[in-house]
Amino acid sequence: MCNQTPLRSMALDSSGKQPEQQQQPRASSGNGEARLKLRRTPNEEHEPENYEDLPLDYSPSLFSSLERYLPEQLLNSTRIDKASFMRDLLLRYSPDTERVRTLRHKEYRDKIMSSYQRKHGEIYTLDPTSFFTPSFLRAFSGKSEPNFRNIMVEPYPGIFTFEMFKPRFCEMLLAEVEHMEKWVYDSRSTIMRPNTMNNFGVVLDDFGFDSMLQKLVDDFISPIAQVLFPEVCGSSLDSHHGYIVEYGKDRDVDLGFHVDDSEISLNVCLGKQFSGGELYFRGVRCDKHVNSDSTEKEVYDYSHVPGHAILHRGRHRHGARATTSGHRVNLILWCRSSTFREMKNYQRDFSNWCGGCKLEKQRRQRDSINATKEILARKAAEKTLVELASKSCAD
């Protein structure tokens with residue numbers, strides 16, 4: 001078993017506001033503003049700004065996530081003032097390596113955005129009626145648990161499968177990915193792969209899909225997760241990492257046992273014709289128990305169907321068997337919650353979702369019950385001995 005290396009690429013939560021005139025955020029004055037402290041917990045009711053159009057030293061999504069922790073005095077300030085305050089904090093406390101890494105990634109994205117010519121520009125903006133099947137859209141008429149469960153199958157606790165994308169959308173996205181790969185080859189560019197475990201595929205966010213995918217998270221995945229995965233803050237998914245993986249001849253063959261760097265993972269098969277490639281699941285685990293053994297009840301295998309999605313917790317350990325023939329392409333969307341990750345820092349027991357913690361809790365409860373039984377049995381024996389002694393004296 002292995003942990004997937006965490007990926008830092010995160011998308012923005014678009015506020016829909018008109019951008020201000022672009023300026024370089026100024027450094028704070030060092031007076032009272034600099035002495036303000038961040039909140040200990042995020043303000044979930046606050047809608048963060050979009051910082052993507054500003055010339056920043058760090059990832060714009062980091063600014064959007066950090067904004068929820070700003071003190072109340074700053075939340076109503078201008079976007080430029082908030083960016084200046086956060087930039088000052090980051091420059092003061094974050095390592096230079098993070099800043100350099102972010103700047104290099106920004107340069108990489110800028111090169112793509114300035115050179116890459118899109119094949120199907122219409123799929124870069126979320127169009128529910130064009131993308132989704134009628135059954136998937138109907139489930140959102142009321143955004144209720146019965147509506148969601150009516151379109152889903154739960155073959156194993158915490159794993160949900162459902163029909164999601166129309167064939168035409170799958171075809172266009174596949175064609176766009178092929179167009180990306182051709183551009184990379186023709187331009188002799190270096191492409192960043194989705195993670196350290198996949199040698200083929202592309203990060204969709206790097207090619208301009210980040211806003212579309214974040215809207216997919218906000219409008220569709222979050223409402224589902226809020227109902228089906230409330231224990232992992234399904235209602236506060238505020239960032240994502242979206243990418244394509246490819247398996248088959250001259251591609252990746254399989255994928256090792258791992259956990260995702262996400263709270264909720266969406267995996268949609270786009271096609272094409274293939275055999276094999278089944279996903280195998282072996283129980284949900286926290287960091288402490290990620291390498292613990294699985295029980296028989298935790299074993300589940302899933303076979304991909306083009307256009308169909310599987311939704312599960314990121315900490316649900318899984319892998320992919322070998323694709324024995326053909327070519328399989330999947331869209332993966334890691335959905336993340338900064339609130340849940342902050343809360344985890346103050347928790348030790350995750351028995352409401354971790355199989356390992358649950359077993360430990362059951363073991364503690366059994367030990368406590370057995371210890372109580374032993375104490376009661378000992379007291380009963382002592383009481384019997386006292387009664388027998390009293391009776392002997394009386395005789």
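Me: Before we start, what should I know about the numbering and the cut-offs?
Reply: Residues are numbered from 1 along each chain as its sequence is written, and side-chain values use heavy atoms, with hydrogens and water left out. Since the model is predicted, local features need pLDDT of at least 70 and side-chain atom pairs count only at pLDDT 80 or more, while totals for chains, interfaces and linings use all residues.

Me: Which residues sit on each side of strand 11?
Reply: H316, H318 and A320 lie on one side, R317 and G319 on the other, and both faces are covered.

Me: Which way does strand 5 run relative to strand 11, parallel or antiparallel?
Reply: Two strands pair if DSSP finds at least two bridges between them. Strand 5 (residues 255–258) runs antiparallel to strand 11, with 2 bridges joining them; there, H258 has H318 as its bridge partner. Strand 8 (residues 279–284) is also antiparallel to strand 11, through 4 bridges, and V284 stands opposite H316.

Me: On to charges: how many salt bridges does the structure hold?
Reply: Side chains of opposite charge can pair when their charged atoms come close. A salt bridge here is a side-chain nitrogen of Lys or Arg within 4 Å of a carboxyl oxygen of Asp or Glu. The structure holds 23 of them.

Me: What does the salt bridge between D210 and R109 link?
Reply: Their side chains meet at 3.6 Å, N to O. The pair links distant parts of the chain, with D210 in helix 10 (residues 210–228) and R109 in helix 5 (residues 96–115), 101 residues apart. D210 is buried at 11% relative accessible area, and R109 is buried at 17%.

Me: How many residues apart are R149 and E145 in helix 8?
Reply: They are 4 residues apart in helix 8 (residues 145–150), about one helical turn. R149 is partly exposed at 35%, and E145 is partly exposed at 36%.

Me: And E246, is that residue buried or exposed?
Reply: E246 is buried, at 2% relative accessibility. Its salt-bridge partner R251 is partly exposed at 26%.

Methods: Buried means under 20% relative accessible area, exposed over 50%, partly exposed in between (1.4 Å probe, protein chains only).
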